[in-house]
Amino acid sequence: MIPTITKKYQNVVISTGNIIATELGQRKSNEELYDGLKITLHSDPTVERVVVEKEIDELHGRVQRATQELTTRLTENGRNEISIGAKIFLNSHSTECVNQAVEALLNILSVTHVDNVVLAYHPNAVASATPVATTAGVQAKSPCSEGLAASKASNWSQRNGEEGVAELKELYQTLEQYALKQQITQLGIADLDAAALEELHKSAQVAPTIAQVNLSTCCVVPPELQEFCTAHDIQLNTHSDPELLLPEEQFSALAPGYTIDWSLRYQVHVRCRGVLTAKGYIVGASRSSD
């Protein structure tokens, strides 16, 4: 399904455009990503072009959808009237991937800075219990009924160890460079337990001001995490994103020969009204040189 033109690139960047403008609606993030990529990458292999709403950036190896519509949403209000937030999903240790993700975000949105970026790093990712191709109305098993298994899954420190903490610090330091250059206003982190968050906080030049916790794995915010966030003025939010947004085999079906290196979701809100005006996903992928 991936447009033929991208086959000559070792690395590609795929942008879904504003998915609010599609029929995707408010769905689970893995479903939004899969269907957004499917719409963006689908092309008729017998036709030597892509559909009108897609754009191929040959210089950067990008496939982008509905770029004009996204530009309209980003410019219909002044930059100081909108808030742009993003979340980077990373499952392997690579500071280069963090750089690629931030640079792609700034470039595709055509902005000099974003208001916040949250990093979700899961080197030992647990695949979501709910497959991407869910049938409407089918309910996944309640994670709260899974007892100790869910509790263990929520302890980031135990699962990833000292090596994982060290890798996380390096990745976070890469984000800090953008914060120091005022290209990111606030930094955040996802899914850490209190011990890992404290370790990161102690070593940070730019302290995280946002922490996200996944209630699908812990059901109740751990008291020690809540206490640490309160003591250090960290905004504690909940989310339901899976650790692995899209398994390799599912992405491979959309883009044969390529694997996802990183993915991010961005959201654009109008400040005074709190209205979500744009939302989309950007994915960085690469293929084997064989």
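The model is predicted: local features need pLDDT of at least 70, side-chain atom pairs count only at pLDDT 80 or more, and totals for chains, interfaces and linings use all residues. Residues are numbered from 1 along each chain as its sequence is written, and side-chain values use heavy atoms, with hydrogens and water left out.

**Exercise 1.** Describe the lining of the second largest pocket by position, element and class.

Solution. 
- Step 1. On a 1 Å grid over the protein atoms alone, a pocket is an open set of points where a 1.4 Å probe fits, with protein on both sides within 12 Å along at least five of seven lines; lining residues have an atom within 4 Å of a point.
- Step 2. The volume is about 540 Å³, taken as the space filled by probe spheres set on the points.
- Step 3. There are 28 lining residues, and Asn116, Gln212, Arg265, Gln267 and His269 lie nearest the centre.
- Step 4. Two or more lining residues come from each of α1 (29-41), β4 (82-90), β5 (114-121), β7 (210-214), β8 (235-239) and β9 (258-270). Helices (H or I, at least four residues) and strands (E, at least two) are DSSP runs, numbered from the N terminus.
- Step 5. β4 gives the largest share, five residues.
- Step 6. By class, the lining has five nonpolar, 14 polar and nine charged residues; Asp, Glu, Lys and Arg count as charged, and Gly is among the polar ones.

**Exercise 2.** Is Thr185 buried or exposed, and which residues does Thr185 touch?

Solution. 
- Step 1. Thr185 is found in strand β6 (residues 184-190).
- Step 2. Its relative accessible area is 53%, so Thr185 is exposed (buried is under 20%, exposed over 50%, partly exposed in between, with a 1.4 Å probe and protein chains only).
- Step 3. Leaving aside neighbours within four places in sequence, Thr185 is in contact (heavy atoms within 4.5 Å) with His113, Val114 and Asp115.
- Step 4. Thr185 and Asn116 are 69 residues apart in sequence, and their C-alpha atoms are 5.7 Å apart.

**Exercise 3.** Locate the largest nonpolar core.

Solution. 
- Step 1. A nonpolar core is a set of buried Ala, Val, Leu, Ile, Met, Phe, Trp, Tyr and Cys residues joined through side-chain atoms within 4.5 Å.
- Step 2. The largest core has 53 residues, and Leu105, Leu175, Leu197, Trp262, Tyr266 and Ile282 have the most contacts inside it.
- Step 3. Helix α3 (residues 95-109) gives the largest share of this core, nine residues.
- Step 4. Another core, of 23 residues, lies apart from it and includes Ala190, Leu246, Phe251 and Ala285.
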